[in-house]
Amino acid sequence: MPATERQRFSFVELDRTDVVVTYVVAALVVVGSAVAVVRRVAELLGGGPVPVRVELTGDETLRAPLGPGGADVPATAGSVVVEVPHLPGLATGVALLEAVLVPAAYGVTAVCLALFCRRVVRGAAFTAGTTRLVLVSCVALIVAWLVQVGATTAVGDAARAALGGAEADPGAVFVASFPLGLLLVAIALGAVAGAMRVGERVQRETEGLV
């Protein structure tokens, strides 16, 4: 059967309205990611105090002005945001890397998933190009996860040192800052890519029988 007449299979039903919605969402993610990059870079290079999220090695009890009339009440926190007068050059570089790569990974993922939906509507779900889009999304999120974990540990330790506090045990901070959300999404996308590989093979075998 000629390639132009091959029947292609889709595992999800989408219409053009769904694709338009995914394009709009992807555009919003890309714009939001760009704004996040500009804002964070301005914080890091603006010359003023730098806000840094510091992971605590355990749930610490703090005093928060949340009671009547602003009275302090006990609160438990796993992380805090502190303003650091100055970060060392290496920590600033790591923070800049995180500021650029993590939002960029989100933008790449959003664009890939929008293109994925477009290919599904066109009946090209089980093709090599569609599978590559899912794999690129998976790799982008894994990179973002690795950068986020490493940067949280390195920049948090540098913030403690800059504030004159004792440097925390990196292993303890690594455990405290171990975000699972991105990793779970990346694993899910990897599973989808694996299923699509199987779909590609089934489609080729089906076409060979026609």
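Let me start with Glu43, which is partly exposed, at a relative accessible area of 29%. A reminder before going on: this is a predicted model.

What does the side chain of Glu43 meet in a salt bridge? It meets Arg40, at 2.9 Å from N to O. Both sit in helix H1, three residues apart, so about one helical turn separates them. As background, side chains of opposite charge can pair when their charged atoms come close.

The count of salt bridges comes to two. The other pair is Arg160 and Asp157, whose side chains meet at 3.8 Å, N to O. These two lie in helix H3, again three residues apart, about one turn of the helix.

Helices H1, H2 and H3 and strand S1 each give two or more residues to the lining. The pocket volume is about 310 Å³. By class, the lining has nine nonpolar, three polar and four charged residues.

Last, the surface. Which residues make the nonpolar patch of about 380 Å²? They are Leu97, Val100, Leu101, Val139 and Val143. H2 and H3 each supply at least two of the patch residues, and the largest share, three residues, comes from H2. Leu101 lies in helix H2 and is partly exposed, with a relative accessible area of 32%.

Key. Residues numbered from 1 in each chain as written. Predicted model: local features only at pLDDT ≥ 70, side-chain atom pairs only at ≥ 80, totals over all residues. Heavy atoms only, no water. 1 Å grid on protein atoms, 1.4 Å probe; cavity = no way out; pocket = protein on both sides within 12 Å on 5 of 7 lines; lining within 4 Å. Points joined across faces, edges and corners; volume = space filled by probe spheres on them. Helix = DSSP H or I, 4+ residues; strand = E, 2+ residues; numbered from the N terminus. Nonpolar A, V, L, I, M, F, W, Y, C, P; charged D, E, K, R; others polar. Patch = residues over 30% accessible without salt bridge, like charges linked within 9 Å, V, L, I, M, F, W, Y side chains within 5 Å. Areas by Shrake-Rupley, 256 points an atom, 1.4 Å probe, with all protein chains shown as cover. Salt bridge = Lys/Arg side-chain N within 4 Å of Asp/Glu carboxyl O. Buried < 20%, exposed > 50% of the residue type's maximum accessible area, 1.4 Å probe, protein only.
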